[in-house]
Amino acid sequence: MRGFRSPHLLDIASLGRQDILQVLDAAEVFFEVSRRPVRKVPTLRGKTVINLFYEASTRTRTSFEIAAKRLSADAVNMSVSTSSVSKGESLYDTCKTLEAMHPDLVIIRHQASGAPHYVASKLRCGVVNAGDGMHAHPTQALLDAFTIRRAKGTLEGLSIAIVGDIAHSRVARSNAVLLRSFGCDVRVVGPRTLVPPRFAEAFDVRAFDRLEPALEGADVVMCLRIQRERLSAALLPSLREYSRTFGIGAAQLALAKPDAIVMHPGPMNRGVEISAEVADGPRSVVLDQVEAGVAVRMAVLYLLAGEAERPGVEAEGAA
Ligand code: CP
């Protein structure tokens, strides 16, 4: 198995279908590794991965760290709040400083759309986008695709409803690009203030401002977090009103196919965009997404930094 053509993973649009399938297939191997009693392989021994997160994260940062460690890479988490960024050091100087320590990969999350692209243009090592502003979250879309393919057996031609704060969502954008490349019927739905007018045209999806037509016959219901930190009162006057109109509870889920799965990238606002009953119910794959996150990020690190033709999946110390 060969790595990506690019040394970076910055967005889904830069990947072809074959690249995406390559990640998902490699992730199947690492998914199995992650369920072994000894969850470690020597694939990236001697490599160094730096996590550089300018925004809060639980799932993405932890799973990149675990992924790197399961591949035997040295993983370093740089805490922006306790670093020299808090003294005013620029993104450029921070990255050049880290580069001088010879990492193989820098994983970056930043509040500014395009920051990972800027960093990639300045560094000699590989860069992975772990979420930039409202622009892209490519590894989230890949782990979502992995979860959907495991649940449904295919990605081809499914009906996927993405519900909620589309405007501020890098998850919605990356998922729309990926799922459309597999011929999915992607429907985005939310209040008019949270679905940009040109979104449907730009991403070749269908837009709705009512739940019923968007959920009808859906194979997958993907709830999005209401991003309170990026919202103004003019966009969403009341969370209670939002929950009543666009929240996913058992009654709303009944509009989708009987075997539809429910996804959420996390963190969830329970009782706002998703009810606790649905989040914890039998059709929820929220924790499957988290488990997939480690396997998919192992696959991404391997494809970007690995040198083997095949994933080195023999246990550490095996002949
Ligand atoms: N889905 C996601 O990106 O979660 P975190 O913000 O916790 O990383």
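**Ground rules.** I number residues from 1 along each chain as its sequence is written, and side-chain values use heavy atoms, with hydrogens and water left out. Because the model is predicted, local features need pLDDT of at least 70 and side-chain atom pairs count only at pLDDT 80 or more, while totals for chains, interfaces and linings use all residues.

**Polar contacts.** I then looked for pairs of N or O atoms within 3.5 Å. A polar backbone atom of Arg-59 is 2.9 Å from a ligand oxygen. His-137 uses a polar side-chain atom, 2.9 Å from an oxygen of the ligand. From Gly-266, a backbone N or O atom lies 3.4 Å from a ligand nitrogen. The ligand taken alone exposes 250 Å², and the protein buries 92% of that (Shrake-Rupley method, 1.4 Å probe).

**Salt bridges.** I searched the whole structure and found 18 salt bridges (a side-chain nitrogen of Lys or Arg within 4 Å of a carboxyl oxygen of Asp or Glu). I noted the one between Glu-156 and Arg-17, whose closest N and O atoms are 2.7 Å apart. This pair links distant parts of the chain, 139 residues apart. Glu-156 is in the loop between α5 (138-152) and β5 (159-163), and Arg-17 is in helix α1 (residues 17-33); helices (H or I, at least four residues) and strands (E, at least two) are DSSP runs, numbered from the N terminus.

Key: Polar contact = N/O pair within 3.5 Å; in protein donor to acceptor, adjacent residues only side chain to side chain.
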